[in-house]
Amino acid sequence: MIATTTAPVATAPVRTAHRPSARLRAWATRAPLLPALIFMIAVTQLPFVATLVISFFHWNALYPKARRFTGLDNYRQVLTDPALRHSVWTTVLLTAAVVLVSLVVGLALALLLDRPFRGRGLVRTLLIAPFLVVPVAAALLWKHVLYNPEYGLFNGLLHYLGGPQPDWISNTPLLAVEASLVWQWTPFMMLILLAGLQSRDHQQIEAARVDGASDWQIFRHLTLPHLRRYLELGALLGSIYIVQNFDAVFTLTSGGLGTANLPYTVYQSFYQAHENGLASAAGVLVVIGSIVIATFALRVVSSLFREEVSRA
Amino acid sequence: MSSVAVRVRSRRGVGLGLLAWLAGLLFFLPIAWMALTSFHSEADAATNPPSFGASLTLAGYRDFFGVGGGASPWPALINSTVASVVSTLCVLLLALPAAYALSVRRVRKWTDVLFFFLSTKMLPVVAGLLPIYLFAKNAGMLDNIWLLVILYTSMNLPIAVWMMQSFLAEVPVAVIEAAQIDGARLPTILARVVAPIALPGIAATALICFIFSWNELLFARVLTGVVAETAPVFLTGFITSQGLFLAKVCAASLVISLPVLAAGFAAQDKLVQGLSLGAVK
């Protein structure tokens, strides 16, 4: 489908009497792109440049007179502050755990849904639903309705089994946040992996089956290699969204009990502590972390993208 | 294949189908429980063990909508609607021509431009939050819904450009060239030739942008107050427990999630493509 558009565009068939100069035509081609491009640069790139500049200043909004250039001092402070270092670690743990678990569960669900069975469409819909609950609402649901130690559903069900009645959020705060995020992100992974499964070469699989390959052999040697790129894509896109997670941490624990991740810490350090310089330095560090992930993500997306272009 | 093998395979198939059903119901259970609780009275909602068969009432919904006093959610719902709908329209207005220049009548180095859009999506929101806050404060735009419209437009534009360029690339060039020979100008070509073919894709893109805008919390939390507060910010009012309020929380969460659930199910087929920025079809 893309091949139809790649080749012949350059040879525009229209020839008017007074042909506009090549440069003018190039600008005419570019014109529809410019509003979007300029808008994006203004709204996303300029603020980041400002963040970078502010990160080199000592600047507390409550004492604006004391603003002064401090070079890398904010970075030194951010990197040596135990609370901030802890939030870096929390971010890594939270992201890795949520991405890995939802990827594995998502793969299992995708494999189950790839086979025909009665009511498959309905089950798919049921599975997608958690992803379509507003994140704050989902966090409230887990906090009050499921985790509540006195009347939450979990302890209510445990009651029937005669089990203990733990205070989930206080006992295992990070795990509590992670579980709620896994519930929301597993459908996302499932959707991507299901699309991957459905793009397999079914003739090849049939041929392997005829040759006597077992289900496990087919999964191990045909399905898994094919899914590799989709697994990578799911992991990377998931990481990009979950590294930035604010809603769940804010709602479930308000950053308490050692669950404050970097976005929450940045929010807190300028919104509550008014430390503009420190907040900016922490923000720049989040960006550096994201760039590392994003470089890999861009590579995966671009390889899928090129494959798509060349296949068509 | 022997009939025994077929029977074994089909019996295992039934088992796996049941397993899939079980997983689906397990994932849906919290939502089903939330819906059931929202129709219980507050006293029945907060029991241990849970009262599954308690009588149903609309009290939670009446409470949420502020019938018996308390803050009304309507201003927040209206703000969210304005921010999501207007920003989605702005996104379409900017993304459609851009996607055209990246798929139909391509600029040079169009892949580089595409990847620039994608890279902005990977810049964390917190990286620009402080300057935007300071700018809004100095420009007197704090607590102003139009600021959110601008920010949500920038948040969704890259996704929309990626999705739409992949949809527009499916429009045959021959049709466009024919229109050009007939003397049609760009706006006419876009409206009469390109849009109809790409319409289902454009609709899905719009729904996904709507979902992301409706869900957004961080910008709204930092940049709005009493006037421009959105629905997710309204929900944060329920973070600290207020005595017996489970039915009300469930009603609020459900009502505020309904537009997203509706939009998500409507866009179900294109959801993966949108969420993976067009990389997976």
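With 16 C-beta neighbours inside 10 Å, L257(A) counts as partly exposed, and this residue sits in the loop between α13 (247-252) and α14 (262-271) of chain A.

**Residues with a positive phi**

- Most residues other than glycine have a negative phi.
- L257(A), which is not a glycine, has instead a positive phi, near 55°.
- In chain B, K109(B) is likewise a residue other than glycine with a positive phi, of about 55°, and its place is the loop between α4 (74-103) and α5 (110-121) of chain B.
- K109(B) counts as exposed, because it has 10 C-beta neighbours inside 10 Å and the cut-off for an exposed residue is 12 or fewer.

**Straight and bent helices**

- Helix α3 (residues 34-54) of chain A has 21 residues, which at 1.5 Å a residue should span 30 Å, and its end C-alpha atoms are 29 Å apart, so the two values agree.
- The buried residues of α3(A) are A36(A), M40(A), T44(A), P47(A), T51(A) and I54(A).
- An α-helix has 3.6 residues a turn, so residues three or four places apart point the same way.
- Helix α9 (residues 186-215) of chain B has 30 residues, but its end C-alpha atoms are only 35 Å apart, which falls short of the 44 Å that a straight helix would reach at 1.5 Å a residue.
- In α9(B) there is a bend of about 70° at L199(B), and within four residues a proline, P200(B), follows.

**The core and the contacts between the chains**

- The largest nonpolar core contains 176 residues, and those with the most contacts inside it are A95(B), L148(B), V161(B), M164(B) and L168(B).
- Helix α7 (residues 145-168) of chain B supplies the largest share of this core, with 16 residues.
- Apart from its neighbours within four places in sequence, V161(B) is in contact with A36(A) from chain A, and with A95(B), A98(B), A99(B), L102(B) and F117(B) from chain B.
- Where the two chains meet, 89 residues of chain B are in contact with 88 residues of chain A.
- On the side of chain B that touches chain A, helix α1 (residues 3-38) of chain B gives the most, with 16 residues, and the residues of that side divide into 65 nonpolar, 19 polar and five charged.

**The surroundings of V222(B)**

- V222(B) lies in helix α10 (residues 218-223) of chain B, and it is buried because 20 other C-beta atoms lie within 10 Å.
- When neighbours within four places in sequence are left aside, V222(B) is in contact with Y271(A), L129(B) and Y133(B).
- V222(B) and G264(B) are 42 residues apart along the chain, and their C-alpha atoms are separated by 27 Å.

**Confidence in chain A**

- Chain A has an average pLDDT of 83, and 92% of the residues score at least 70.
- Within chain A, confidence is lowest in helix α1 (residues 3-6), at a mean of 38, and highest in helix α7 (residues 135-146), at 93.
- Over residues 1-17 of chain A the pLDDT is below 50, although this stretch has 22 contacts in the model beyond near neighbours in sequence.
- Where pLDDT is low, the predicted coordinates should not be read in detail.

Terms used. Residues are numbered from 1 along each chain as its sequence is written. Chains are lettered from A and ligands numbered from 1 in the order in which they are written. This is a predicted model: local features need pLDDT of at least 70, side-chain atom pairs count only at pLDDT 80 or more; totals for chains, interfaces and linings use all residues. A nonpolar core is a set of buried Ala, Val, Leu, Ile, Met, Phe, Trp, Tyr and Cys residues joined through C-beta atoms within 7 Å. Helices (H or I, at least four residues) and strands (E, at least two) are DSSP runs, numbered from the N terminus. Two residues are in contact if their C-beta atoms, placed from the backbone, lie within 7 Å. Ala, Val, Leu, Ile, Met, Phe, Trp, Tyr, Cys and Pro count as nonpolar, Asp, Glu, Lys and Arg as charged, and the others, Gly among them, as polar. The expected span of a helix is 1.5 Å times one less than its number of residues. The bend at a residue is the angle between axes fitted to the seven residues ending there and the seven starting there. pLDDT is the predictor's confidence in each residue, from 0 to 100.
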